[in-house]
Each structure stands twice: as structure tokens, then as C-alpha cells.
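Thank you all for making time this morning.

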Amino acid sequence: MNRENVLIPEADLARQRGFEEKIRAMFADRQAHPAACVDTFGCQQNVADGQKLMGMLRDCGFTFTEDPKEADLVILNTCAVREHAEDRVFGNLGALTHTKKENPEQVICLCGCMAQEQRVSERIRRSYPHVNLVFGPHALWKFPELLWQVYEGRKRVFSVDDEHGTIAEGIPVVREKGVKAWVSIMYGCNNFCSYCIVPYVRGRERSRDPQCVLEEVRALVDAGYKDITLLGQNVNSYGNDLNIGYDFADLLADIDQIPGEYLIRFMSSHPKDATKKLFDTMARCSHVARQLHLPFQSGNDRVLREMNRRYTRAQYLELIRYAKSVMPGLVLTSDVIIGFPGETEAEAMDTVSLVEEVGFDALFTFIYSPRPGTKAAEMPDPATRQEKQKWFDKLLAVQNEMSAKLHAAYIGKTVRVLVDGESDDPAYPLSSRTEGNRLVRLTGDKALIGQFLDVKITASNTWALYGEPV
Ligand code: SAM
Ligand code: SF4
Ligand code: F3S
């Protein structure tokens, strides 16, 4: 699609600010002080969208609460990636019938990736009459207008049309206080991995202009954020749609020029588009964390082909070898799916052997969940849930042993961490992250939050390191 049709014109965004004004004035007239509860599920991309929803709500005059009982407006910002995620949302929606009974004026909204699925929006239309507003990720930028329609028309509003997808710059954001911030650098996905719903609900890949990303990161650094994660379903294809000969490595190199004490991370990377140029750039840039989340999904070539991943086990291993060679001490994490349709035990064990071979610092492991509308959901899937669970447990056992070993190797070492908040362990009241994003629970005073520190690692387990400032 033409770039002019991708960027939402400023006049349309100004119109949305007009709706924010109207909503604010309506509440002022009623002398009301409305509160909103925004509940976000799913990935960081969705968290970033939730922060934009909160930005627009703040400008409409809302304050925020975590308790749906206290809220005048409840938003479920949903994820469609696995069935379990969807079931939870339907459960939550059911529970909201009670809060609405207590407060019939309460407005209930369903948005995010689930809302973009036709199957879901029809079910809401039919069976969840207490839901007032349903809109998918494509309509996020016009949330003020949709909300105004609900308040003004007192009718149900659905905005769930399938679209290529757009980019709206300058939407207000309410960020978490602290040191961490998320920056979406691109939206959508073109890869159509055969198991995945994301391309269907998030539209085609579109990259933000580099200048907009650079300005946002600069403003975050100036505001004191120290741990900034660049987001995209596949950041390695950043820039492909800009046609200006500028890629993700170029963006990292330009961000690295921004002065200040901060770390840049990014996720996710698709192995098919990971380049030596990217790893060389990471190695060269002092602000870019030596950490790589590179999902491999399966260690078996037949399964990778069926998944439409477009790389082989050998190509993946070569990427890791190269990345480690230019970044000694690189912290590696990945995503894995066990039980893809037709996967055999031997093929699942190829995944386990890849995990043993690479030695990931941590893994995000999933049992395959069929997503209606995707290609894999149509494939024969003869293995039972129990078999898949057995393969999954084997994978977890191998990874947990590996994580524990890798963590134990830190004991006695001094590492640099960023203290990012309080922990729930009274013996180690602070929580911090290494450059590689390993969790370190720390002794020390709350005043250290927000600082980079050298700490000595004194203990470890599968999930965390423990240490004291030196
Ligand atoms: N775009 C990123 C990528 O390709 O790595 C992340 C996509 S998805 C939001 C995060 C992870 O969920 C995927 O890497 C995959 O392991 C898992 N996932 C996606 N679809 C799934 C499904 N149908 N069943 C189980 N896990 C799934
Ligand atoms: Fe889904 Fe594949 Fe796109 Fe990731 S790259 S979002 S797994 S289709
Ligand atoms: Fe993220 Fe879930 Fe959507 S993982 S992109 S919120 S389907």
C-alpha cells in the first residue's frame, strides 16, 4: 500500500482530539470524575497499545483504577495467540455482568487482537449484550470517536473491519513510572507462520519513520527511562516497506548515537531475516544490550517447513554461532512450540536436542494451540494431549537444568545491573536486571532504584540470581 494511505493524516488525529474534548466536557457538565480500568493481555506490543488507550482516556478526563467494580469504563485489551488466552477473556467478560448489574451505567469494551477476529466479534454480538464497544487494533487510533458514539448514541458500537493497517503518530501515552519503556517501531506481520493468528489480526507490516522513532527514544532518555525495548513482530524486517534503503541495523546504529546512560533491547527477531550486519551493529553499539531473543519454534526441518518458518536448523545454529562469536557473553532466549500438528516424538526430541546444543539462558515454551482461520488448524493432528505434555515436560526439564547451571556460573562474579524496582522477597528487597535481562534480586536501599550498579552475585536458582551491591 502507498505510504500516504498508511499514515493517518494529522487532520484525522486532530478530529480525535476533538472527541476527547467532547467527552471531557460531558463529564465536566455532569460533575463526574470517571475512572477506567484497562486490563491488558498478551505481548508487549499489546502492553504498548494499552498505554496508548490510557493516554487517550487520560485526555478524555479519566483517572485509573485496577478494580473493575470501581470503574465507570472497563477495557479488556485482549490477545488471540492461544486458546487459553481467549478462554480467560470470555471468563472475565462473564464476570463483568455482575459489575454491570451493580452499576448499569458502566461501559464495557473489548479490544485488541481477539476483537479483530470475526468469530469473536460475532459471539460478542450474539451472547454478550452487556459489552458496549468492540474494536480491533486497526481502530485503536479512533478510540475517542468510538467511545463518544457509545456515550452519545447509547448503542453498541463495533469497529472490526479487516484492513491492511495504518500508522498513527502522536497518540498520547501513559507509561509506567520507573525505568522501562516500550517503543513500537513497526506494526503488523507478513510472515504467516502456519500456526499463528497475528498476521490476520494485526494486518501487514508497516514501519514507522526513523525520525519518529529516534525522537521518541530521545524523549524517553531525556525523561529518565533507562531500559528501552523496541517492539515489532519481526523487527528484522523494519524498513522493508519504507523503500529508502534503511534497515533495522541502521536504526539501531542511529539510536545508539543518542547521548545518555540507557540500554536498548528489541523483540522479536525472525531468524530468516537476522543478518550478520545486525549482529555486527549490536556488537559495535554501546547502548545496545548484548541480548538476543531469537525464536526458533522447532529444531526439526520438516516441522519448520510445515510451520512456514523459512530457515533450517543448520541455518539457525549458524546464526547463533556468528552472534556469539561477535558478542561473547551474549544472553540468548527463544520461543518454542511443542506439538505442532503431525509432529512426532522424534521430531519433538529434535527441538529438545537443539535446546541442549545452544544452551539458551531462558525459553518461552508453548504447547501448540489451534487457531481457527490459520493453515495449521486444518492439518491432521494425531498426537494426543498427553503425548504432547510428556514431550513438553521433557523440554522443560532440560531447559530448567540448563538455566540453573547457567545461573550458578554467575556466582562469585561481579555484574552490572539496572535496579528497576522492588522485589517481593524481603531478604532481597530490590529487583534488577543485567544487561542480558537476567533477573537479579538484590540487597540494598530503595534509593538505588533507577541506577546502574555493580553487584556481586552470591546465590542463584533456575529463575533468578541473588546479589549485593559492591
Ligand atoms: N512475532 C514473534 C515471533 O515470530 O517470534 C512472536 C509471535 S507470538 C506473539 C509469540 C510466540 O507465541 C511465538 O513465537 C510462538 O512461539 C507462540 N505461538 C504463536 N502461535 C501459537 C499457537 N498457535 N500455539 C502455540 N504457540 C503459539
Ligand atoms: Fe506470528 Fe510468525 Fe508473524 Fe511471529 S513472525 S507474529 S510467529 S506469523
Ligand atoms: Fe500480541 Fe497476542 Fe496480539 S501475542 S500481537 S496480543 S495475538
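Let me begin with Arg321, which forms a salt bridge with Glu318, the closest N and O atoms being 2.9 Å apart. Please keep in mind throughout that this is a predicted model. Both Arg321 and Glu318 sit in helix H12, which covers residues 313-326, and they are three residues apart, which is about one turn of the helix. Arg321 is partly exposed, with a relative accessible area of 46%, and Glu318 also counts as partly exposed, at 34% relative accessibility.

How many salt bridges does the count come to? The count comes to 26, and I will pick out a few others. The side chains of Arg416 and Glu261 meet in a salt bridge, with an N to O distance of 3.1 Å. Arg416 belongs to strand E15 (residues 414-425), whereas Glu261 is in the loop between helix H9 (248-256) and strand E11 (263-267), so this pair ties together parts that are 155 residues apart in sequence. Arg416 is partly exposed at 44% relative accessibility, and Glu261 is partly exposed at 46%.

Asp273 and Lys272 form a salt bridge as well, at 2.7 Å from N to O; here Asp273 is partly exposed with a relative accessible area of 22%, and Lys272 is partly exposed with 27%. There is also a network of salt bridges, which links Glu86, Glu117, Arg119 and Arg371.

Let me turn to a sheet. It is an open sheet of three strands, in the order E7-E10-E11, and the pairing is parallel. Strand E7 (180-184) and strand E11 are at the edges, each with a single partner strand, so one side of each is left without a neighbour in the sheet. From one strand to the next, the twist averages 25°. E7 pairs with strand E10 (residues 227-231) in the parallel sense over five bridges, and Lys180 stands opposite Asp227 in E10.

Finally, which residues are around ligand 2? They are Cys189, Asn191, Phe192, Cys193, Tyr195, Cys196, Val198, Pro199, Gln233, His270 and Arg309.

Methods: Residues numbered from 1 in each chain as written. Chains lettered and ligands numbered in written order. Predicted model: local features only at pLDDT ≥ 70, side-chain atom pairs only at ≥ 80, totals over all residues. Heavy atoms only, no water. Near = heavy atom within 4 Å. Salt bridge = Lys/Arg side-chain N within 4 Å of Asp/Glu carboxyl O. Helix = DSSP H or I, 4+ residues; strand = E, 2+ residues; numbered from the N terminus. Buried < 20%, exposed > 50% of the residue type's maximum accessible area, 1.4 Å probe, protein only. Pairing = 2+ DSSP bridges. Axes fitted to C-alpha atoms, helices over the stretch in contact; angles between N-to-C directions.
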